[in-house]
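Please read the points below alongside the sequence and the 3D structure. They are numbered so that each can be checked separately.

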Amino acid sequence: MKKHLTILTSLSLFLFSVVSAHDGSQLWLQGSAPSATSTLEIANAELNQSWKGAAPVLRLNKSMKALPDGSFSITIQAGTPTIQSASEVGLLYGAYHLIRMQQTGANVRDTALVEQPSYNIRILNHWDNLNGTIERGYAGRSIFWRNSADQMRRNADGEVNEEDLLHPKDAPEIPSVDRLRDYARANASIGINAYVPDNVNASPKVLTTEYLQEVKKMADIMRPYGMKTYLAINFASPMVIGGLETADPLDKNVQKWWTAKVKEIYKLIPDFGGFLVKANSEGQPGPNDFGRTHAEGANMLAKALKPFKGIVMWRAFVYSPSDPDRAKQAYLEFQPLDGQFLDNVIIQIKNGPIDFQPREAYSALFGAMPQTREMAEWQITQEYLGHSNHIAYLAPMWTEFLQQVKDIARCPINNQLLAMSNQQSAQGSKLKAQNSKLTAISAVSNVGNSPSWCGNVMAQSNWYAFGRLAWNDELPACQIADEWARLTLFPGRNDAAATKALASVKGLMLRSREAIVDYMMPLGLHHQFAWGHHYGPEPYCDIPGARPDWMPSYYAKADREGLGFNRSSTGSNATGQYPADYARLLDNPETCPYDLLLWFHHVPWGKTIQHRCGSKVMRESLWDALCHHYQQGLDEARAMQRDWERCQGLIDADTFADIQRRLRIQTRDAQWWKDGCLLYFQTFSTLPFPDDVEPAVHDLDKLRAIKLGITNYECPSQELLDSVR
Ligand code: GCW
């Protein structure tokens, strides 16, 4: 008996230590970040600490130079691996790949493979302000910039004073070197090779010598891990910090100022990547302020960067009301500029034409500028997906986008794209990495200084998924979920219990995105979010005097007749911006994909539509379909809870409790969304809920009155949410 007890105790101690050692702070990695300054030494150190088996051979092989930088091969013969690459960073990627293969249970006895990246630049954009706050960040404060929060003046709504944002009082201070090294390592382990540490709503201060010295320190930490440093810049910098009277890109003194500034940067950071620019968007300065085009603005910077091989990532997120439909504006402004951008300029385009909604049509700009380099921008941080309170695995959204863009590009009868492929190559491959071509993909990071890095452990999966897809955009979302969950939640475990729990976690992850679409904005609805902070529903939002396109009613267009934005040829004709065959498909409500129906059409409440809700294909009225989708979203949120409950005891206890708590919030939020939207739209449809849809538990007037009063830098606490509904 005593013997049994001892065995039992040591077994539970063992299990306890296995389960409790992984609280997520290590991300998907084991061991610690090597502090070596040589990339090769890091690769060796990583293999030493994590690879189990015969020592791998690392070999530089210049004959692989024809492949995109970072490509590598792995050959394993009788258990002995050889990693080859033309560059040290390729060997480092190979080392991480090999370790991942072993840790996820792949064949590591006899195998041969070659890996090459889908895009040359795989970059994270951090919307971190120099005072340490993070715009749309829900994971604490910046890991790059630090300033005492106490020094920030706040207004009555808790918002940080604009002046303090632009001119933080503290001297810049580089935060923890270890944290930055861990960050660099995490990125390298999934092939991310670049970062922008400052917000696209950029402070001119970042280009002062004082701040550049700090950026140099960051760059020095990142370099051995193959991470290149870029900066988001403010177009008016020559005026704000350079003392010039203009920032006109055609002005000689302005050009001189940028040339000198770029020289100064490269002196400090010889491998500096270049600039990311948000211009003439949401109040940011830009070339339009001086009567110049985006191309003239971008090219002026590109010329200054060219001698150093630097690039300009110029954002197409603009929506000055040149057309009554916001979804058309970026295309209208940028498409005519095709062919005018220098070859070290790449246009950074959000996946959809509005703004990182749970589901959008893809932006028609992709493929519409055959003479111009284009890159996609995704959003990892969950601005529109329940912040860090909701569990949302985003790889299904991104693979959906990649698929859409590629399918259109491959369509042989598509005139516009055929013409394009004659000039260059089809757009799908144009976005892709080729050794000498400028190709890139970016995402807005969700990283902050919270212990879990991303606000909660599950949110790390989206950082991981971005890296894996940027490296290989053919990877299926389910494979990435499998890898991530094994590495992060069940490292070293392949017993039956862990395998079952793993299946539950994957189930939860893979249903999460569609669940969110269903309980927030099904059938192509979009932007029904609360004003400003974008947490929770506010289809009823009404701010006197506000820009119409900042209000949900502009997008839903609910009236007595029906619901949805008519973007067909009888409406704004946004469909006309797409390649001809696809445009025809979208233009007809009978052939428009049901999940984009209300994006492109204003549909009568009683019109019969065919749609898929969960696993069922249904034919019913728009109103009934809408009700069923909101119900489906709520049911799925509950199912996600059940998936998670099955993991109790098999996942680190704190992680389990934290996600359990968030899923409870998420389910209550799903109810809030369902009630808020359906009760509000019901005031127009005046139709009852179908029998199999649960009646509302909230009162519309009470929901209308909810004002969370949070800033754009925070996720509402459970207490706050409990206090308002
Ligand atoms: O998604 C919107 C956000 C802004 C953001 C902007 C952008 C950085 O609401 O906070 O600003 O897009 O992408 O520039």
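1. The axes of helix α5 (residues 177-189) and helix α6 (residues 209-222) come within 9 Å of each other and cross at roughly 50°. Axes here are lines fitted to C-alpha atoms, for helices over the stretch in contact, and angles run from 0 to 180 degrees between N-to-C directions. Helices (H or I, at least four residues) and strands (E, at least two) are DSSP runs, numbered from the N terminus. The two helices, α5 and α6, are therefore oblique to each other. Angles under 35 degrees count as roughly parallel, over 145 as roughly antiparallel, 65 to 115 as roughly perpendicular, and the rest as oblique.

2. The crossing of α5 and α6 is right-handed; a crossing is right-handed if the near helix is turned clockwise from the far one by less than a right angle, and left-handed if anticlockwise. On the α5 side the contact is made by V177, L180, R181, Y183 and A184, and on the α6 side by M218, I221 and M222. Contact means heavy atoms within 4.5 Å. By class, the residues of this contact between α5 and α6 are 7 nonpolar, no polar and 1 charged. Ala, Val, Leu, Ile, Met, Phe, Trp, Tyr, Cys and Pro count as nonpolar, Asp, Glu, Lys and Arg as charged, and the others, Gly among them, as polar.

3. On the source: this is a predicted model, in which local features need pLDDT of at least 70, side-chain atom pairs count only at pLDDT 80 or more, and totals for chains, interfaces and linings use all residues. Residues are numbered from 1 along each chain as its sequence is written, and side-chain values use heavy atoms, with hydrogens and water left out.

4. For the chain as a whole, the secondary structure comes to 23 helices and 16 strands. Of the 725 residues in the chain, 61% are buried. Buried means under 20% relative accessible area, exposed over 50%, and partly exposed in between (1.4 Å probe, protein chains only). Among contacts in the chain with a separation of 6 or more, 72% are between residues 24 or more positions apart.

5. The contact is made by V254, Q255, W258, T259, V262 and Y266 of α8 with M300, L301, A304 and L305 of α9. The residues of the α8 contact with α9 comprise 8 nonpolar, 2 polar and no charged.

6. A260 also lies in helix α8. At 45% relative accessibility, A260 counts as partly exposed. The C-alpha atoms of A260 and A304 are separated by 8.3 Å, while the two residues are 44 residues apart along the chain.

7. What does the side chain of H294 pair with? H294 is found in helix α9 (residues 294-305) and is buried, with a relative accessible area of 1%. A polar contact of 2.8 Å joins the side chains of H294 and E333. A polar contact is a pair of N or O atoms within 3.5 Å; within protein, one must be able to donate a hydrogen and the other to accept it, and residues adjacent in sequence count only if both atoms are side-chain atoms. R359 is found in the loop between β10 (345-350) and β11 (373-379). At 7% relative accessibility, R359 counts as buried. The side chain of R359 makes a polar contact of 2.8 Å with the side chain of E400. Leaving aside neighbours within four places in sequence, R359 is in contact with E400, R513, E514, V517, D595, L596 and W599.

8. Most residues other than glycine have a negative phi. A78 is not a glycine, yet has a positive phi of about 45°. A78 is found in the loop between β2 (72-77) and β3 (80-85) and is exposed, with a relative accessible area of 53%. H534, also not a glycine, has a positive phi of about 65°. The place of H534 is in the loop between α16 (496-520) and α17 (552-556), and at 10% relative accessibility H534 counts as buried.

9. The axes of helix α20 (residues 622-645) and helix α21 (residues 653-685) come within 9 Å and cross at roughly 170°. That makes α20 roughly antiparallel to α21. The residues of the contact of α20 with α21 divide into 16 nonpolar, 9 polar and 4 charged.
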